[in-house]
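Here is my note on the structure below. Please read the points with the coordinates open.

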Amino acid sequence: MSNEHVESGREELKKTMSPAEVWALAVGAIIGWGCFVLPGARFLPEAGPIGSVLAFIVGGGLLCFVALAYSILVKAYPVAGGAFTYAYVGFGKAWAFICGWALILGYLCVIAANGTALALLSRALLPGVFDVGYLYSVAGWDVYAGELAMMTCAFLFFGYMNFRGMDFASSIQLILAFALVAGVLILTVGSFSTSTASLDNLFPLFAEGRSPWACVISIVAITPWLFVGFDTIPQTAEEFDFPPEKSRRLMLNSIICGATLYALVLISVAIIIPYTDLLGQNHTWATGAVADMAFGRFGGMILAIPVLAGILTGMNGFFMATTRLLFSMGRGKFLHPWFLKVHPKYGTPTNAVLFTLGLTLIAPFFGRSALNWIVDMSAMGTALAYLSTCLVVYKYASRFADQTPWWSKSVAVVGALTSIACFLMLAVPGSPAAIGFESWIMLLAWVAIGACFYFSRASILRSIPETSMQYMLLGTADRPLLFTPKAAEEEVFEEDDAKSAVELG
């Protein structure tokens, strides 16, 4: 952080991330516990093997359009905040807060879900080691003191890594991402090499009792949650040590890698024995049972490497994304300026790290079942953020057609329609992917909390001139706003004026 930035009152993050580290951040965030737990818990029962693979292809392909839309804005606005910042650029302060609040929920849910997956993994591989000291049950999930201690240590570790700086955290992320990919490939080779492996085991191709359409839709609807992670790249744009236009290829590559890894794990689970027989055996963890079949009694230990890497990369990736989002919202006065503090040595958003750590430490006490309710509805918040970004891209491409690729508007339209479809599939009762009653209650509670936060800051936000907000969020008053017609085309603001007004609020 330079003295100029200190004097201007605008904190900035250090540029330390290489393309490889950014790729590892996104892939690690996409492939978490769900890749290894959901094949037996959701994908095969609800869609069957081919129905699930088609959903990965369709959903991943559609989200590639969303990623292309993001890439346009990453190049135009290479600052922290991602969809939150873009929402401000396109629609102003109120919509920016709504979008940011929805993303905070989605990101925190993924951290918590990955953290509690450690308990699931330990119960499968080390029964009786951590599931000791029974405390209580929540929605059928037993909470143990030993597991709480284990998960607390994991959260503290990632909090410390992110406190120390992106160099440390992103280096660990890169190592874990390669371990994750290698582990999935080993599982795939092992499954296909077993004597009982056969394509006949993949029949019926779609889940029994459901139409092929319903099977595919039930998984496509949650692809905003399955592939959430590519958008951690825009969240860290301010820390790129490479041209921001390279983010396009990195985001597309991360989605394709994510879809491929999801499909490989799914087929590996379904191909050893008829998957309907596997589901009928009611294994606590179907993927672990398949690893034992493929590798013998050490199969679970072999599988533990990619599973643990997936869990840890998911936690670390979204920990980084959440803290950058909180930092950006604090910088714009949408949240208390307390979130704005940057460590003088490490250049990390210290208080945002502490806040994220505090919330994640609470999550394990609610049990895994209750967290699943939150995860289900957090996909709606993610879809809302994607929709907002695509709409901003359309506005940006309409105004600056000579500065954007010829396909910008088309990509924005497809991405927006994808986001709307995913949102409706989750929200409309009777849909194959409709969220449950408990998830609706959780969603309404989060909206109510967000409303309280917003109205507590509303008067402060109204008092901040747009030139000052531009400078705080975008780093300069020269980058255009799309919701004020004169901001980009007719008015010329002096950046020094914006800097002098930055202390408002």
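1. Tyr394, Val413, Leu417, Ile420, Phe423, Leu424 and Val428 together make a nonpolar patch of about 570 Å². Bear in mind throughout that this is a predicted model. Which helix gives the most to the patch? Helix 17, residues 408-427, does, with 5 residues. Tyr394 comes from another part of the chain record: its place is in helix 16, residues 367-399.

2. Helix 17 also packs against helix 3. The axes of these two helices are 8 Å apart, and the angle between them is about 130°. An angle over 145 degrees would count as roughly antiparallel, and 65 to 115 as roughly perpendicular. Helix 3 and helix 17 are therefore oblique to each other. Their crossing is left-handed.

3. Stay with helix 3, which spans residues 34-76. Glu46 and Arg42 form a salt bridge, with 3.6 Å between the closest N and O atoms. Both residues belong to helix 3. They sit 4 residues apart, about one turn of the helix. In general, side chains of opposite charge can pair when their charged atoms come close. How many salt bridges does the structure hold? The count is 5.

4. Next, helix 5 (residues 93-125) and helix 14 (residues 299-331). Their axes come within 9 Å and cross at roughly 160°. Helix 5 is roughly antiparallel to helix 14, because angles over 145 degrees are classed that way. The crossing of helix 5 and helix 14 is left-handed. What kinds of residue make up this contact? There are 24 nonpolar and 7 polar residues, and no charged ones.

5. Helix 14 has another partner to check, helix 13 (residues 286-295). The axes of helix 13 and helix 14 lie 7 Å apart, at an angle of about 125°. That makes helix 13 oblique to helix 14. Is this crossing left-handed or right-handed? Helix 13 and helix 14 cross in the right-handed sense.

6. Two backbone details deserve a look. Most residues other than glycine have a negative phi, and most peptide bonds are trans. Pro204 is in the loop between helix 7 (166-193) and helix 8 (212-220).

7. The other detail concerns phi. Ala139 is not a glycine, yet its phi is positive, at about 50°. Where does Ala139 lie? It is in the loop between strand 1 (134-138) and strand 2 (141-144).

8. To recap the helix pairs: helix 5 is roughly antiparallel to helix 14, helix 13 is oblique to helix 14, and helix 3 is oblique to helix 17.

Terms used:
Residues are numbered from 1 along each chain as its sequence is written. This is a predicted model: local features need pLDDT of at least 70, side-chain atom pairs count only at pLDDT 80 or more; totals for chains, interfaces and linings use all residues. Side-chain values use heavy atoms; hydrogens and water are left out. Axes are lines fitted to C-alpha atoms, for helices over the stretch in contact, and angles run from 0 to 180 degrees between N-to-C directions. Angles under 35 degrees count as roughly parallel, over 145 as roughly antiparallel, 65 to 115 as roughly perpendicular and the rest as oblique. A crossing is left-handed if the near helix is turned anticlockwise from the far one by less than a right angle, and right-handed if clockwise. Ala, Val, Leu, Ile, Met, Phe, Trp, Tyr, Cys and Pro count as nonpolar, Asp, Glu, Lys and Arg as charged, and the others, Gly among them, as polar. Patches are made of residues with over 30% relative accessible area and no salt bridge: like charges are joined within 9 Å, nonpolar side chains (Val, Leu, Ile, Met, Phe, Trp, Tyr) within 5 Å. Accessible areas come from the Shrake-Rupley method with a 1.4 Å probe; for residues, only the protein chains shown count as cover. A salt bridge is a side-chain nitrogen of Lys or Arg within 4 Å of a carboxyl oxygen of Asp or Glu.
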